[in-house]
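Please examine the sequence and the three-dimensional structure shown below. The explanation after them is written for a reader new to this structure.

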Amino acid sequence: MFSLLNARKTTAGLSPRDAVARATEDRLTLIDVRGHDELARTGKAAGAVHIPLMLLQSQADPRHPEFHPALSAGHPVAVYCASGARSGLAKQMLEGFGFAEVHNIGGLGDWTGAGGPLER
């Protein structure tokens with residue numbers, strides 16, 4: 001079981017500004033783990049794959065039949081949510097599935113604050 005306390009202690013390892021640059025160059029898969037309602041209200045980072053945290057367990061497991069086709073355990077991943085807590089949980093989960101390079105870049109505001117574009 002993942003805990004919010006542990007998720008908050010997770011270090012990013014990659015700044016939002018670096019994530020924007022790498023995602024723009026297609027050197028990073030960006031995952032938005034917020035809920036559908038949040039995405040509908042605010043949009044998402046341009047190019048991000050939307051997988052709500054409650055679905056990540058199945059869609060990020062390479063052995064699961066619902067594994068998301070945009071993911072690859074060998075490709076670097078950055079996750080974000082609204083504040084960084086859920087993305088910390090997502091980081092732990094992805095690492096548990098064997099994703100070698102996973103970064104928690106915080107919240108959508110961190111992405112936009114670093115110059116990252118949004119899409120609706």
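The following paragraphs consider the strands, a loop residue and the salt bridges in turn.

The structure is a predicted model, in which local features need pLDDT of at least 70 and side-chain atom pairs count only at pLDDT 80 or more, while totals for chains, interfaces and linings use all residues. Residues are numbered from 1 along each chain as its sequence is written, and side-chain values use heavy atoms, with hydrogens and water left out.

Helices (H or I, at least four residues) and strands (E, at least two) are DSSP runs, numbered from the N terminus. Strands E4 and E5 run parallel and are joined by 4 bridges; two strands count as paired if DSSP finds at least two bridges between them. One of the residues involved is valine 79, whose bridge partner in E5 is asparagine 104. Between E4 and E5 the chain passes through H5, and this β-α-β crossover is right-handed. That term applies if, with the strands pointing away from the viewer, the path from the first strand over the helix to the second runs clockwise.

The loop between strand E4 (77–81) and helix H5 (85–96) contains alanine 82. With a relative accessibility of 46%, alanine 82 is partly exposed. Leaving aside residues up to four places away in sequence, alanine 82 touches Arg34, Glu38, Gly107 and Leu108, where contact means heavy atoms within 4.5 Å. The C-alpha atom of alanine 82 is separated by 19 Å from that of leucine 28, which lies 54 residues away along the chain.

The charged side chains come next. A salt bridge is a side-chain nitrogen of Lys or Arg within 4 Å of a carboxyl oxygen of Asp or Glu, and a search of the whole structure finds 8 of them. Among them is the one between aspartate 32 and arginine 34, with the closest N and O atoms 2.8 Å apart; aspartate 32 and arginine 34 are both buried. Another links glutamate 25 to arginine 27 at 2.6 Å between the closest N and O atoms. Glutamate 25 is partly exposed at 48% relative accessible area, and arginine 27 is partly exposed at 42%. In a further salt bridge, aspartate 61 meets arginine 63 at 3.0 Å, N to O. Aspartate 61 is buried at 10% relative accessible area, whereas arginine 63 is exposed at 69%.

How values were computed: Buried means under 20% relative accessible area, exposed over 50%, partly exposed in between (1.4 Å probe, protein chains only).
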